[in-house]
Amino acid sequence: MKIDEEKCIGCGNCVPYCPVSAISLNEKAEIDRERCVECGVCYRSGACPVDAIVIEELEYPRTLRSFFSDPLTVHKETGIPGRGTAEMKTNDVSNRFTETLLGLALEVGRPGISTSFEEVEKLTKRLVSLKRSGVPIEFEPDNPLTVLMNSETGELPEEIKKERVLSAIIEMRIPYEHVKRVLEEVKEVANEINTVFSLDFITRNIEGKRISEELLNIVQSAGFSPRPNGKTNVGLGRVGR
Ligand code: SF4
Ligand code: SF4
């Protein structure tokens, strides 16, 4: 995103719209290109009275900022808009999560703080290493991060590591009996992460099984403080993948 200096009248209307405080105002508005995650909020807000906010033609790897930060941008690799797959956003539309397989997502970065891919890689490397040691982690193939990371090492391409995005989501399926081991590993690497991240669990509630309660116990015993939340999906799902 950039500001057309000729048009900008320095009104400051755009400044509060930026979720990462990348816009500053002197006589005219200025965008800090390093901080800007190309989310498009300033442009879409319609805050500028003189149309001085201009969408730039981005080149790789900067395009990733937009793919991971602007929900309206579709990832070229997956054809899916946003940071996670449809399954993540609407919970269980294709029976991906079962009685034995838990959905686990790690959302790295949030509006206000954002993240670089360098931080995300600290988690992907550790998780892939865990997988190679025998823990059956299944990374979601349609997730844009899965497409980017090296499946043998968990490394992300060198040229993208400094790119900043609002957040990136690592999506996995894990058999319930391995959840504690994965969480312990995540807990260990958490101290090295230079941004915020949240853990999301996606379970199927099966009558009489009380999976959610069991899961809460596992999460607590791994040293996390769970905050149960619900999301109701109203719509037409599809069966199978
Ligand atoms: S595109 Fe997003 S991050 Fe960049 S300046 Fe505009 S609001 Fe801020
Ligand atoms: S809203 Fe438009 S005119 Fe006002 S400071 Fe921002 S870019 Fe400049």
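**View 1. The contacts of threonine 124 in this predicted model.** Start by finding threonine 124, and look past its neighbours within four places in sequence. Which residues is threonine 124 then in contact with? The answer is Met149, Gly154, Leu156 and Ile170. Threonine 124 itself lies in helix α4, which covers residues 117-132.

**View 2. A polar pairing between threonine 124 and glycine 154.** A polar atom in the side chain of threonine 124 lies 2.7 Å from the backbone oxygen of glycine 154. Is threonine 124 buried or exposed? Threonine 124 counts as buried, because its relative accessibility is 0% and the cut-off for buried is under 20%.

**View 3. The surroundings of ligand 2.** Now move over to ligand 2, which is surrounded by 15 residues. The closest are Cys8, Cys11, Gly12, Cys14 and Cys48. How many residues of this shell are nonpolar, polar or charged? The shell divides into 12 nonpolar residues, 3 polar ones and no charged ones.

**View 4. The protein chain as a whole, for orientation.** Step back, and you can look for 7 helices and 10 strands in the protein chain. The chain has 241 residues, and buried residues make up 45% of them. Among its contacts with a separation of 6 or more, 76% come from residues 24 or more positions apart.

Terms used: Residues are numbered from 1 along each chain as its sequence is written. Chains are lettered from A and ligands numbered from 1 in the order in which they are written. This is a predicted model: local features need pLDDT of at least 70, side-chain atom pairs count only at pLDDT 80 or more; totals for chains, interfaces and linings use all residues. Side-chain values use heavy atoms; hydrogens and water are left out. Helices (H or I, at least four residues) and strands (E, at least two) are DSSP runs, numbered from the N terminus. Buried means under 20% relative accessible area, exposed over 50%, partly exposed in between (1.4 Å probe, protein chains only). A polar contact is a pair of N or O atoms within 3.5 Å; within protein, one must be able to donate a hydrogen and the other to accept it, and residues adjacent in sequence count only if both atoms are side-chain atoms. Contact means heavy atoms within 4.5 Å. A residue is near a molecule or strand if one of its heavy atoms lies within 4 Å of it. Ala, Val, Leu, Ile, Met, Phe, Trp, Tyr, Cys and Pro count as nonpolar, Asp, Glu, Lys and Arg as charged, and the others, Gly among them, as polar.
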